[in-house]
Amino acid sequence: MASAAENPAEYIQHHLTNLTFGQHPDGTWGLAHTAEEAAAMGFNAIHVDSMLWSVVTGLVFFFLFRTAAKKATAGVPGPLQNFVELIVDFIDDTTRTIFNYQNSLIAPMALTIFVWVWLMNFMDLIPVDWIPTLAAMMGVHYMKVVPSTDPNVTMAMAFSVFGLILFFSIKEKGLGGFLGELAFHPFPKWLAPVNLILEGVTLIAKPLSLGLRLFGNMYAGEMIFVLIALLFTGGVAYGLLGGLLQWGWAMFHVLIISLQAFIFAVLTVVYMAQAHEVDEEH
Amino acid sequence: MNLNWTMVGQTITFIVFVWACWKWIWPLLINAMRERQQAIAEGLASAERASKDLELAQERAGDQLRAAKEEAAALIEQARVRANQLVEEAKNEARVEGERLKDAALVEIEQEVNRAKEALRVQVAALAVAGAEKVLGESVDANRHSQLLERLAAEL
């Protein structure tokens, strides 16, 4: 426990607050000291912890794979190359079964998303109090270590994917073709407004569902870990129960983090394939 | 949900990492893997080719072995025939030689006998003359009676 003096509500609130750097309402810049202060900063703020851990996990991915890539040989691969190739091969296979167009960006993007999101999700498996307690010892009051429980992070990736959907749609089909697809589908042309609304919603739903699915799953998982951690304050019996529950939930969560990372990567590839799909009928 | 600049920051981070993976990670790994696949495919193909070659070679070796055996058998047969022939020839030769030796020996024996007879005849003649001298009391003129004596010796 960060500190036994906190009541459960404060403990949970503490765990769900990002380390926020931003502009205070009085115009000065600095770290927010409470959740209310952070909320009051509005858009003019940045979650230092989310950025830190997403960059750290991203760098872990980059250096791990870059090391393997630099030493990659067509001969007998070493253990690291074996491991990395396993993942690359998996992503390559998955991408090729879904995405049948010429675009060298899609598979590397799917790999980056899969491994990076997995690593960000993996931060959830580190016992919830370890890093925040360490940070508190160093004088940092808030430390939310799972970047994928921050909607900013997941939505940023989802909207980046959305940007690529728009970019590739227009590039492959032309602006007219893309708008035509939105307007003349699924009903006949004279129902174009209805079509536009339907297709517009479908289009907007893609990034929203992509980002919110990951956020929701990770946020809920994190919340359950926090709730389980609360049991450790309740004496030996509750502590043992908490230990058991944490172990069980962590086992289950291993599946969730992998599944969510995979879903994010695969849906990205699916959306890219849809963006490249030139339907001749319309 | 506090949406703020984190989103922008994360978008930039996302673009940077995807770009880095696109440029510096993916091509190297996928090329190495493709190359290895190629190498393995070639290795398997050449292994198959080698095993086919081996099969052919074994077949050819078998053929050659069979041919060699047949040849050897023919040679042995030939040699046997020849050996029999040689033995036959040697036997014939030996028989002929034996005959020849026997004939020569017979001839020699006959000659010896004749020579012995001759010698005996001479000696008998001499004895007869000596005996007759004794009987007659005078010497017989060997020169005068030699013709008679020779006739006598020839009759013996």
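How many of the 282 residues of chain A count as buried, as a percentage? The answer is 46%, with buried taken as under 20% relative accessible area, exposed as over 50% and partly exposed as in between (1.4 Å probe, protein chains only).

This is a predicted model, where local features need pLDDT of at least 70, side-chain atom pairs count only at pLDDT 80 or more, and totals for chains, interfaces and linings use all residues. Residues are numbered from 1 along each chain as its sequence is written, chains are lettered from A and ligands numbered from 1 in the order in which they are written, and side-chain values use heavy atoms, with hydrogens and water left out.

**View 1. Chain A on its own.** Chain A holds 9 helices and 3 strands, picked out as DSSP runs (H or I, at least four residues, for helices; E, at least two, for strands) and numbered from the N terminus. Read from the N terminus, the order is α-β-β-α-β-α-α-α-α-α-α-α. The C-alpha trace spans about 65 × 60 × 40 Å along its principal axes. Take the contacts in chain A (heavy atoms within 4.5 Å) with a separation of 6 or more: 69% of them join residues 24 or more positions apart.

**View 2. Where chain B meets chain A.** Here 28 residues of chain B are in contact with 54 residues of chain A. The two chains bury about 3700 Å² between them, 74% of it on carbon and sulfur atoms; this is the accessible area (1.4 Å probe) lost on putting the two parts together, summed over both. B:Phe14, B:Phe17 and B:Trp26 supply 20% of the area that chain B buries against chain A, more than any other three residues.

View 3. Two chains, 2 salt bridges across their interface, each needing a side-chain nitrogen of Lys or Arg within 4 Å of a carboxyl oxygen of Asp or Glu. B:Arg36 makes a salt bridge with A:Glu85, and their closest N and O atoms are 2.8 Å apart. On the side of chain B that touches chain A, the residues split into 18 nonpolar, 7 polar and 3 charged, with Gly counted as polar, and Cys and Pro as nonpolar.

**View 4. Around A:His47.** A:His47 sits in strand S3 (residues 45-47) of chain A. A:His47 is buried, at a relative accessible area of 1%. Setting aside neighbours within four places in sequence, its contacts within chain A include A:Asn18, A:Leu19, A:Thr20, A:Asp150 and A:Asn152. From chain B, A:His47 also touches B:Asn2, B:Asn4 and B:Thr6.
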